[in-house]
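Let's walk through this model together, one piece at a time. Please keep the sequence and the 3D view side by side as you read.

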Amino acid sequence: MADAMENRYFFEDSKLDMDPISGERPVKLKFHAGGQWIQSKSGKYMPCYNPSTGAVIAYAPQCSADEVEQTIRAAVDAYPSWSDTPVSRRVQVLFNLKALVDKNLEELTYLLAREMGKKWDEAMGDVLKVNEVVEFACGAPHIMKGESLMNVSTGYDTTRFNHPVGVFAGIAPWNFPAMIPQGWMAPICIATGNCMVLKAASFVPQSVMRITELWREAGLPPGVLNVITAGRNEAEIFLRHPDIKGVSFVGSTSVGRHVYSTAAANGKRVQALTEAKNHALVLRDCKLERTAQGIINAFCGCAGERCMALPVVVVENAIADRLVALLKEKASKMKIGPAYDKTTDMGPLVNQGHKDSVLNWIETGIKEGAEFVLDGRKPAIQAGFEKGFYLGPTIFDRVTEDMSVGREEIFGPVLCIKRVDGFEEGLKIMNASRFANGSVIYTQNGYYARTFAKETHGGMVGINVGIPVPLGIFGFTGQKQSFFGDLHMMGRDGFIFYMESKNVTQTYFAEDKEETGKVDTWDGTMAALPKQ
């Protein structure tokens with residue numbers, strides 16, 4: 001049993017106090033390098049909470065600079081063999097992983113709900129989104145194919161090959177503990193023959209770690225995927241390290257801009273997905289009841305802790321009063337409770353610090369003069385869970401463009417309603433935002449829907465779809481200050497990000513004939529020169 005525990009991502013420490021609510025003792029977590037789970041020697045740990053109870057359930061190591069270097073070295077050492085492994089064999093590991101995620105779905109769902117606070121079906125969706133991209137990445141043998149043309153000029157052929165790049169760093173956020181690091185980042189990187197070091201979010205690292213165990217069980221060689229938790233100073237190493245060829249990041253705009261500028265200045269590829277303030281334009285001809293339900297799901301889903309949430313509704317004055325009344329009615333009926341209670345409509349926020357941040361934004365909205373329609377600051381919570389990090393849905397009406405509560409990302413279940421006279425005014429307000437992740441319109445009018453899709457700045461557009469996140473085969477296409485880089489995550493962009501291209505031009509000579517002809521400046525590679 002002791003040997004088995006040595007190979008797990010956590011270890012028990014009898015000095016830690018029992019949780020009085022669950023009766024469980026918190027565990028200490030390790031980092032993963034070269035196929036081994038290793039106890040950090042830094043001596044620094046960050047508490048990880050169960051948002052539903054407020055209890056500490058784990059301690060994540062804040063690994064040292066030397067330990068970050070250790071994970072990078074493990075990836076560098078693994079790269080030659082893995083990159084030389086035929087792609088058809090590499091994707092067999094991904095097929096195995098997909099089966100293991102399915103097999104362990106209930107366990108992974110509970111683990112994620114317990115450490116992050118998503119309600120049960122949202123937590124399960126977070127895990128299943130891993131497999132969505134794994135399945136797409138299994139198409140690497142086809143997607144990685146290059147192209148060729150025989151006789152590009154007389155006797156010359158050119159072939160373009162796509163091949164892996166090296167070692168990448170993935171810097172993951174806390175709001176999707178499985179989907180982003182183990183779905184958006186790792187599968188395509190690994191399928192294309194690269195190696196990766198994942199910096200898991202210290203608040204919520206256990207989902208990443210458990211799925212890393214499944215990667216190893218699926219047959220992934222040691223060092224191809226390494227996992228660490230560390231502070232900002234140590235994470236900075238990834239942005240400058242000569243052995244890191246690219247950085248994939250999801251997080252705040254301020255940090256994302258820094259990641260992009262620093263890593264790019266050091267010659268690295270970068271994709272940095274950052275904040276959002278998505279708007280929905282609601283026109284008078286919409287299906288009002290269905291629209292209201294879609295908005296509730298979009299601003300309350302995942303407790304608003306997602307960059308594709310819908311925190312702003314821009315509604316025509318003609319139907320504004322009716323829509324606000326419907327939203328208040330529906331939001332007031334939501335059951336707020338523990339994440340792993342399958343009857344819960346909305347779970348807690350991730351931790352007390354983030355709850356305080358959202359509460360401060362609610363106070364800002366009040367001070368700025370927005371009309372306070374629904375106050376979610378003191379939701380009713382079932383006995384035994386009062387110490388959890390709960391907020392209920394909160395709604396502000398008559399929010400104007402000079403109010404920061406309607407412009408900046410809050411990342412919680414707070415909805416701002418802006419009133420307009422018509423389509424053109426609404427679109428203008430939406431396009432004035434410095435963010436451009438998602439953009440939504442609710443209407444039955446085909447002309448307005450088509451015009452909106454063409455003219456909105458949002459990179460992911462929903463027509464009567466409140467959360468217009470496309471499947472992984474299309475990619476996640478934020479714009480403006482919601483994205484820094486050139487190649488988006490997933491989709492065709494996702495593969496190109498993790499590949500380099502090499503063009504090979506070749507010609508051969510007959511063995512029984514001595515070639516003595518003139519070789520021009522272009523060495524035969526210009527298709528046609530005019531006669532001189």
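Predicted model: local features only at pLDDT ≥ 70, side-chain atom pairs only at ≥ 80, totals over all residues.

Residues are numbered from 1 along each chain as its sequence is written, and side-chain values use heavy atoms, with hydrogens and water left out.

Two packed helices are described by the angle between their axes and the distance between the axes. Here, α3 (residues 87–103) and α7 (residues 179–191) pack at an angle of about 150°, with their axes 9 Å apart. Axes are lines fitted to C-alpha atoms, for helices over the stretch in contact, and angles run from 0 to 180 degrees between N-to-C directions. Helices (H or I, at least four residues) and strands (E, at least two) are DSSP runs, numbered from the N terminus.

Which residues of α3 and α7 meet? Val87, Arg90 and Leu94 in α3 are in contact (heavy atoms within 4.5 Å) with Pro187, Ile190 and Ala191 in α7.

Now move along to α14 (residues 423–431) and α15 (residues 446–455), whose axes come within 11 Å and cross at roughly 20°. That angle is why α14 and α15 are roughly parallel to each other. On the α14 side, Phe423, Leu427, Met430 and Asn431 take part; their partners in α15 are Tyr448, Thr451, Phe452 and Glu455.

Next comes a sheet. It is open, with four strands in the order β1-β2-β6-β5 and mixed pairing; two strands pair if DSSP finds at least two bridges between them. At the edges lie β1 (10–12) and β5 (45–50), each pairing on one side only. From one strand to the next, the twist averages 30°. Strands β2 (residues 27–29) and β6 (residues 55–61) pair in the parallel sense over two bridges, and Lys28 stands opposite Tyr59 in β6.

Finally, zoom out. The chain has 16 helices and 24 strands. Its radius of gyration (taken over C-alpha atoms) is 26 Å, close to the 24 Å from the globule rule (2.2 Å times the number of residues to the power 0.38) for 532 residues, so the chain is as compact as a globular protein of that length. Along its principal axes, the C-alpha trace spans about 90 × 65 × 40 Å.

Methods: Parallel < 35°, antiparallel > 145°, perpendicular 65-115°, else oblique.
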